[in-house]
Amino acid sequence: MSILVLNGPNLNLLGTREPQIYGADTLADVERRLVDEGRALGLQVSCFQSNHEGALIDRIHAARLDGTRAFIVNPGGLTHTSVALRDAFAGVALPLVEVHISNVHKREAFRHHSYISGIAEGVIAGLGVMGYSAALRFLAARLSAPPAVA
Ligand code: CA2
């Protein structure tokens, strides 16, 4: 079973700036760990990051045909702006978990609304990069059993 991990704009800067907010791990560190953790859980993890909304949407559409069973997504700033990204996920209709490294609810008011949360199975915020691993563990369980709640 394949899980696609998507990261949006500026997350390629992880580990290079603002470590007090986003931690010290680079995106390559996070992606490597998720691939390893996925293997241990019997999941094949693929990763994609882009600074371009259209590239993310194209990758989401491609997931219809490449065996992807679920998404883990940190949409970055597009979380708070992008109806188009939400429509792409809704169009593909695979389970998704939204992850934010920081606790967006402790930050500026404009970060409190997400266009994605309303179509997500779950939302994780403020656990640092561990949030991605928590999402992966959740999906491993979710994909091998039906959801306990609608
Ligand atoms: O907390 C998160 O994961 C966010 O999705 C990160 C976004 C932000 O716009 C959201 O409100 C919350 C920003 C990503 C920028 O990532 C950087 C990482 C390191 C250095 C600079 C930017």
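**Exercise 1. Is Val 104 buried or exposed, and what does Val 104 touch?**

Step 1. At a relative accessibility of 7%, Val 104 counts as buried, because buried means under 20% relative accessible area, exposed over 50% and partly exposed in between (1.4 Å probe, protein chains only).

A word on the model before we go on: it is predicted, so local features need pLDDT of at least 70 and side-chain atom pairs count only at pLDDT 80 or more, while totals for chains, interfaces and linings use all residues. Residues are numbered from 1 along each chain as its sequence is written, and side-chain values use heavy atoms, with hydrogens and water left out.

Step 2. Find Val 104 in the loop between β4 and β5 (122–125). Helices (H or I, at least four residues) and strands (E, at least two) are DSSP runs, numbered from the N terminus.

Step 3. Setting aside residues up to four places away in sequence, Val 104 touches Arg 111, His 112 and Ala 125; contact means heavy atoms within 4.5 Å.

**Exercise 2. Which elements supply the largest nonpolar core?**

Step 1. A nonpolar core is a set of buried Ala, Val, Leu, Ile, Met, Phe, Trp, Tyr and Cys residues joined through side-chain atoms within 4.5 Å. The largest one here has 22 residues, and Ile 3, Leu 34, Ile 72, Tyr 132 and Leu 136 have the most contacts inside it.

Step 2. At least two residues of this core come from each of β1 (2–7), α2 (27–41), β3 (68–74), β4 (96–100) and α5 (130–143). The most come from α5, which gives six.

Step 3. Now look around Ile 72: beyond its neighbours within four places in sequence, its contacts include Ile 3, Val 5, Val 97, Val 99, Tyr 132 and Leu 136.

Step 4. A second, separate core has 16 residues, among them Ile 57, Phe 71, Leu 78 and Leu 96.

**Exercise 3. At what angle do α2 and α5 pack, and which residues make the contact?**

Step 1. The angle is about 25°, and the axes are 10 Å apart. Axes are lines fitted to C-alpha atoms, for helices over the stretch in contact, and angles run from 0 to 180 degrees between N-to-C directions.

Step 2. The two helices, α2 and α5, are therefore roughly parallel; angles under 35 degrees count as roughly parallel, over 145 as roughly antiparallel, 65 to 115 as roughly perpendicular and the rest as oblique.

Step 3. From α2, the contact uses Val 30, Leu 34, Glu 37, Gly 38 and Leu 41, and from α5, Tyr 132, Ser 133, Leu 136, Arg 137 and Ala 140.

**Exercise 4. How far apart are the axes of α3 and α4, and which residues meet?**

Step 1. The axes of α3 (residues 53–62) and α4 come within 9 Å and cross at roughly 5°, which makes α3 roughly parallel to α4.

Step 2. On the α3 side are Glu 53, Leu 56, Ile 57, Ile 60 and His 61; on the α4 side are Ala 84, Leu 85, Ala 88, Phe 89 and Val 92.

**Exercise 5. Where is Ala 93, and what is its phi?**

Step 1. Look in the loop between α4 (83–92) and β4 for Ala 93.

Step 2. Phi of Ala 93 is near 60°, a positive value in a residue other than glycine. Most residues other than glycine have a negative phi.

Step 3. With 60% relative accessibility, Ala 93 counts as exposed.
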